[in-house]
Amino acid sequence: MIKNLRPYTWSSEESVAYEAAIEAINGVVGAYSSLITEAENRGAQDEAAEYRRLRAACHQERRALRAEDTEGVVRVRATYAARLRELTENDA
């Protein structure tokens, strides 16, 4: 319930870091969506299913991420930025 939520004051740095972490996850979600479409167009249903599973894991991590978890935010930003580079390096 909303009335049970405790207030949390963010610093500018924390809010920017949190939003950047969320955007990093969103970038990977987008890359997986593109890979799903490509796999489906090739008829590679098992590959598409694996990308869907990985995309769902991204959604789950995004829902679980908390702004006050500074270490988690740093980890997510680094992990997802690296994953996005891996997923898109052949696109360049």
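First, a caution: what you see is a predicted model. The average pLDDT over the protein chain is 91, and 90% of the residues score at least 70.

Now the fold. The C-alpha trace spans about 50 × 30 × 15 Å along its principal axes. Of the 92 residues, 24% are buried. The chain exposes about 6,400 Å², and carbon and sulfur atoms supply 51% of that area.

On to the helices. Helix α1 covers residues 12–41, which is 30 residues. From first C-alpha to last, α1 reaches 43 Å, close to the 44 Å expected at 1.5 Å a residue. After α1 comes Gly-43, with a positive phi near 80 degrees. The other two helices are α2, at 45–64, and α3, at 70–88.

What holds the most contacts inside the largest nonpolar core? That core has 20 residues, and the ones with the most contacts inside it are Cys-58, Leu-65 and Tyr-80. Each of α1, α2 and α3 supplies at least two residues of this core. The helix that gives the most is α1, with 12 residues.

Take Tyr-80 from that list. Leaving out residues up to four places away in sequence, Tyr-80 touches Ala-24, Ile-25, Val-28, Ala-57, Cys-58 and Glu-61. One of these, Cys-58, is also among the core residues with the most contacts.

Next, Leu-84, which is found in helix α3. Is Leu-84 buried or partly exposed? Its relative accessible area is 28%, and the cut-off for buried is under 20%, so Leu-84 counts as partly exposed. Apart from neighbours within four places in sequence, Leu-84 is in contact with Gly-27, Val-28 and Ala-31. Val-28 is also on the list for Tyr-80. The C-alpha atoms of Leu-84 and Ala-31 are separated by 7.2 Å, although the two residues are 53 apart along the chain.

That pair brings me to the contacts of the whole chain. Among contacts between residues at least 6 apart in sequence, 64% join residues at least 24 apart.

That is the end of the talk.

Technical notes. Residues numbered from 1 in each chain as written. Predicted model: local features only at pLDDT ≥ 70, side-chain atom pairs only at ≥ 80, totals over all residues. Heavy atoms only, no water. Helix = DSSP H or I, 4+ residues; strand = E, 2+ residues; numbered from the N terminus. Expected span 1.5 Å × (residues − 1). Core = buried A, V, L, I, M, F, W, Y, C linked by side-chain atoms within 4.5 Å. Buried < 20%, exposed > 50% of the residue type's maximum accessible area, 1.4 Å probe, protein only. Contact = heavy atoms within 4.5 Å. Areas by Shrake-Rupley, 256 points an atom, 1.4 Å probe, with all protein chains shown as cover. pLDDT = per-residue confidence, 0-100.
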